[in-house]
Amino acid sequence: MNTLMKWMAAVGLLLATIAPAAAADLLMVRVDKLFPEAMAQLQSAISSRGYTVTRLQEVNENLERRDFKSDMYRVVYFGKYEEVKRATASHPTLIPFLPLNITIFAEGDQTIVVASHPQALRRLFPDATLKPLFERWEKDVVAIMDDVREGK
Amino acid sequence: MLTRLLVVTLLAGLGLSPALAAPDGAKLYGRNCAACHGETGTGGIGVPLALPSFQAGISDDYLRKTIRLGRPGRVMPSFDHLDKAEIEAIVRHVRGWNKGPAATYSTRPVKGDPVHGRQLFGQYCAACHGANGEGSKGTGVTFSRPRDLSIMAPALHNPGFLAAATDAMIKATLMHGRKGTPMTSFLKQGLKEKDIDDIVSYVRSFEKQPLPESAQVLDVESPVIVRDSSYDLKTTVENVKQAVTTNNFFYGRVQTLEYGLIEPARENPKQVIVYFCNISLLNQALAVDPRVGMFLPCRITILERDDGKVQVMSVNPKVLSRLFNNAELNRLCEQMSESYTRIMEEATI
């Protein structure tokens, strides 16, 4: 018994020292399309799921204004009014993470699209009442990224 | 036999054949791996998985463990949400690019002299893999490194690598090199097999050392920084704008959270966001990891609660280190976290 306990403690210690990499909390897609085409596809995929695109942050223009070189780079913000209103009324600390957004930037003739996986929000805000909302966002964001990747 | 028949019948009843129910490796690879490793394994941000010498030098188990554990702090995440069958499907898909037999390696430790190995490591390996095995600089993401190399020298000190690679695999890589990459055969460089055993034993000794900085991501006590304001909403908004300026940022737009979601007259005026930026800092952050754009520009929210109390809040920038699994962001994240806290405290006290 004593040996078993020692063995279990040793295994536990070994497992504790292998620090896992952060979980795959980012969704990334590389598409073989020029930026404008990929951008149009992204916005269409977002709108088709009932979200409103609220703003396009022009990152590369801001960098170029200060003489920093940059390829095309945008952050697309989107949301649903009622969802945002309800979620932030009950959980104001969610506000800094909203509206949802997806980053899109050119890399040569290809385009990279990056989104934070809503499962990361589930980890940061473990409140059970938020679970259905996060699951809905998760399903939609994954589907949006799939649409962009598959060129739908 | 009867059980198998029953399962097939049940699956057929659900409209699924066993083949359809099995995870689709190509699809899983496309969704989880292709952005970094390329649709056809040509690499880019990640290792070129289809490179013949890479395929010839690694075992299936190395792939499985790498997918499962990732590389802490070095961008490659841990795909812990994938189950065993899904990981196996990805491994089979990646192995589809292999023209030769799959390598298998003994799990037996290689015996050598780590003290002599350390000396040889400094002489032969450190120039590419770093003095302490921390890997080449840059984490491989897009424009953070020159694009003329097909592969980056891996971080040998990384616990994900050490857990995935057996001694025998490391030894084989040292003996034969990896064609198509800067990794050459050390036998051809004049080392003896005994010397190579010594280097392997030194690399394995990294496991007994403390977790290197390059493998650490920041822990956060809270994902959001919150401060109560002593002022009303309007004054607090003005204070935030002022504090942003005195902390070397410039503020841009000031909007409600609901901006663009509803007509302006119906926006909630009690949820205000001040956007601000420091372009030089932005450029630095994007050079380290271009994906951080999703948290830019910087923003602080000012909120008037139902009880009339005013709070300011922002994302804690330290969460980015873990989210992007990029230890090279740690310094910037800590710096940003300090700046946010300072701005919020100046605006509220």
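Me: Two strands pair if DSSP finds at least two bridges between them; what makes strand E1 and strand E5 of chain A count as paired?

Reply: E1(A) and E5(A), residues 110-116, are joined in the antiparallel sense over 6 bridges, and because the definition asks for at least two, they pair. Within this pairing Arg30(A) stands opposite Ile112(A), and Thr111(A) is the bridge partner of Val31(A). The strands themselves are DSSP runs (E, at least two residues; helices are runs of H or I, at least four), numbered from the N terminus.

Me: On what numbering and what kind of model does this rest?

Reply: Residues are numbered from 1 along each chain as its sequence is written, while chains are lettered from A and ligands numbered from 1 in the order in which they are written. This is a predicted model, in which local features need pLDDT of at least 70 and side-chain atom pairs count only at pLDDT 80 or more, whereas totals for chains, interfaces and linings use all residues.

Me: What makes E5(A) the partner of E4 of chain A as well?

Reply: E4(A), residues 100-107, and E5(A) also pair in the antiparallel sense, over 6 bridges, with Phe105(A) standing opposite Ile112(A). The two strands form a hairpin with 2 residues between them, and in the turn Gly108(A) has a positive phi of about 60°.

Me: Why is Leu100(A) called buried?

Reply: A residue is buried if 20 or more other C-beta atoms, placed from the backbone, lie within 10 Å of its own, exposed if 12 or fewer, and partly exposed in between. Leu100(A) has 24 C-beta neighbours inside 10 Å, so it counts as buried. This residue lies in E4(A) and, leaving aside residues up to four places away in sequence, touches Phe78(A), Gly79(A) and Trp137(A), where contact means that the C-beta atoms, placed from the backbone, lie within 7 Å.

Me: What makes a set of residues a nonpolar core, and where does the largest one lie?

Reply: A nonpolar core is a set of buried Ala, Val, Leu, Ile, Met, Phe, Trp, Tyr and Cys residues joined through C-beta atoms within 7 Å. The largest has 119 residues, and Leu42(A), Val113(A) and Val240(B) have the most contacts inside it. Domain 1 (18-215) and domain 2 (224-348) of chain B both contribute residues, so this core lies between them; the domain bounds come from an automatic or database domain assignment. Taken over C-alpha atoms, the centres of these two domains of chain B are 39 Å apart. Leaving aside neighbours within four places in sequence, the contacts of Val240(B) are Val274(B), Ile300(B), Ile302(B), Val312(B), Ile343(B) and Ala347(B).

Me: Which classes of residue make up the side of chain B that touches chain A?

Reply: The contact involves 51 residues of chain B and 43 residues of chain A. The side belonging to chain B has 32 nonpolar, 14 polar and 5 charged residues, where Ala, Val, Leu, Ile, Met, Phe, Trp, Tyr, Cys and Pro count as nonpolar, Asp, Glu, Lys and Arg as charged, and the others, Gly among them, as polar.

Me: How do you know what confidence the predictor gives chain B?

Reply: The confidence in each residue is its pLDDT, on a scale from 0 to 100; the mean for chain B is 88, and 90% of its residues reach 70 or more. Over residues 5-19 of chain B, however, the pLDDT is below 50, and beyond near neighbours in sequence this stretch has 7 contacts in the model. Residues 143-147 of chain B likewise have pLDDT below 50, with 10 contacts beyond near neighbours in sequence. The model as a whole scores ipTM 0.80 and pTM 0.81.

Terms used: Two residues are in contact if their C-beta atoms, placed from the backbone, lie within 7 Å.
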